[in-house]
Structures are given as structure tokens and as C-alpha cells.
Amino acid sequence: MKLSFSLEKWYALSAGLANQNDWLTWSHNENHDWMLPLPKSQRIPMMQARRMSEPSRLAVDVGLELINETKIDFAIFISRHGELERTYKILTTLNNHVDVSPTDFALSVHNTASGLLTIIAKQAIPISSISANRDGFQQGLIEAQALLKQGYNRILLIDFDGSLPNIYQTQVNSSVSAYAMGIILTPGNTISIEATKKYSPQYQTQYPQSLAFLHGFLSKKQTFMLQGYFHDWQWTINHE
């Protein structure tokens with residue numbers, strides 16, 4: 001399987017990483033502190049931001065930045081765990097025989113962030129929401145490739161996740177706190193990806209696929225291998 005496209009814009013937010021210069025510094029620093037505070041929202045109305053989970057807030061913030069003065073045709077939201085923190089809160093509440101918060105219930109679905117983006121941006125954007133274990137970013141790119149082949153010209157793709165509740169820490173090993181990374185894809189061939197057999201070494205395996213890609217992209221790597229679930233992904237980037 002081969003994919004190809006061009007990247008028009010990118011933006012990301014996470015602990016202590018509030019702008020593109022911060023991320024460029026991160027790409028050259030081996031010891032980033034993921035316990036730093038998350039950036040405050042500059043684009044989401046305060047009353048709405050207060051009701052949102054950390055990963056959804058970051059995802060919507062990234063989306064609002066990328067679609068500002070840019071018309072997109074389709075959006076793909078990717079999250080391995082979605083609203084897991086809120087879901088765990090609901091389960092704990094039910095276990096304690098307490099009424100569930102209507103806000104928690106309404107905002108507990110996997111496509112919460114994508115729906116909130118369209119509401120806050122006041123744009124009727126076609127959207128899909130994907131969860132595919134640690135391969136979510138790559139599966140989102142496959143979806144984007146299919147849309148580009150159908151004639152869509154600009155695809156917004158956002159990968160995001162939050163900190164896991166302690167009870168799940170033994171099941172999923174993640175050193176990264178809440179984050180959101182977004183890109184706008186257009187038809188082209190400045191970036192190509194090919195699925196390969198499992199290979200070692202893979203690039204930046206301590207990060208989710210999207211952040212590993214961003215690290216390679218900002219580090220001006222021409223080729224690198226990202227770890228997948230059943231197979232790996234060979235990336236080739238033509239840095240113009």
C-alpha cells in the first residue's frame with residue numbers, strides 16, 4: 001500500500017508546547033518535560049472551553065487555527081482513547097450510585113471534538129471520526145488519501161489524545177500527556193508513505209504516530225520508519 005500527498009499547513013499543542021517555534025525546539029530536544037502546563041485556549045469561548053475535556057479542547061483549538069482563512073472540504077478526527085477520562089468519570093459515578101452529569105453524558109462520545117469544532121467555527125464540515133489502536137494516524141491518512149482521490153482538495157486531519165486515568169496506566173504505556181496535532185493535506189507527492197513488513201529500528205517509538213511524524217518532519221528527515229500494529233510505515237519527505 002502506497003500513499004502520497006502534500007502538506008499545506010500544520011499546527012500542534014501539548015504540554016509546554018504552544019506554538020510552532022516551541023515544537024521546532026522540541027524536535028531538537030531529547031528531554032522534553034511532558035508535565036508542563038497545557039497551553040490556554042486563545043480561540044474557544046471561555047464558557048465552552050470550561051465544559052470540554054483537555055484533549056478535545058486542544059483538538060478544537062488546533063482545528064480552529066488551521067481552518068482560519070482556509071476553506072477545507074473534509075475533516076478527519078483521530079483519537080485512540082477519545083473521551084476516556086470523561087467515560088471513566090461516568091462509570092465511577094454510576095458505581096457510586098450518583099446521578100451522572102448531563103454535560104459529562106452529552107460530551108462522552110468519540111466524535112465530541114469534531115462536533116464541537118463545527119459548532120464553534122459555525123461551519124458545516126463533513127467529518128469522520130476514527131479510532132484504530134496505535135495505528136490511528138496512519139488509518140486517518142488512508143481515509144484522507146481516498147478522499148483526495150475522490151476529488152476533495154483540502155483535508156483537515158487532527159490526531160489527539162489525553163492523559164489516561166491511573167487505572168488504565170498498566171494497560172497502555174504513554175509518556176505523552178494530552179496533545180493534538182493537525183495537518184491540512186492536499187493532492188500531491190511531496191510526502192509518500194508505504195506499508196512495509198515489521199522492521200527495526202523504528203523512529204521515535206515513545207511518541208504516538210502523529211508526533212513521531214512531526215518530529216521527523218521538523219527535523220528535516222528525508223526518510224524514517226514509523227511503528228505500526230501489524231506492519232510498519234516507511235515515510236519519504238521531499239523538503240522543498
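**Exercise 1. Determine whether Phe 213 and Phe 217 are buried or exposed, and classify the pair that their rings form.**

Step 1. Both Phe 213 and Phe 217 are buried, where buried means under 20% relative accessible area, exposed over 50% and partly exposed in between, with a 1.4 Å probe and protein chains only. The model is predicted: local features need pLDDT of at least 70, side-chain atom pairs count only at pLDDT 80 or more, and totals for chains, interfaces and linings use all residues. Residues are numbered from 1 along each chain as its sequence is written, and side-chain values use heavy atoms, with hydrogens and water left out.

Step 2. Phe 213 and Phe 217 lie four residues apart in helix H8 (residues 209–218), and are therefore separated by about one helical turn. Helices (H or I, at least four residues) and strands (E, at least two) are DSSP runs, numbered from the N terminus.

Step 3. A pair of aromatic rings is described by the distance of the centres and the angle of the planes. Rings of Phe, Tyr and Trp (its six-membered ring) pair if their centres lie within 6.5 Å; planes under 30 degrees apart count as stacked, over 60 as edge-to-face and the rest as tilted. The whole structure holds 13 aromatic pairs. For Trp 26 and Trp 34, centres 6.5 Å apart and planes at 75 degrees make the pair edge-to-face. For Phe 213 and Phe 217, the centres are 5.7 Å apart and the planes stand at 35 degrees, so this pair is tilted.

Step 4. Phe 213 and Phe 217 belong to one aromatic cluster with Phe 137, Tyr 203, Phe 224 and Trp 235.

**Exercise 2. State how helices H3 and H6 cross, and which residues make the contact.**

Step 1. The axes of H3 (residues 54–67) and H6 (residues 112–121) come within 9 Å and cross at roughly 45 degrees. Axes are lines fitted to C-alpha atoms, for helices over the stretch in contact, with angles from 0 to 180 degrees between N-to-C directions.

Step 2. H3 is therefore oblique to H6; angles under 35 degrees count as roughly parallel, over 145 as roughly antiparallel, 65 to 115 as roughly perpendicular and the rest as oblique.

Step 3. The contact (heavy atoms within 4.5 Å) is made by Ser 56, Ala 59, Val 60, Gly 63, Leu 64 and Ile 67 of H3 and by Thr 112, Ala 113, Leu 116, Leu 117, Ile 120 and Ala 121 of H6.
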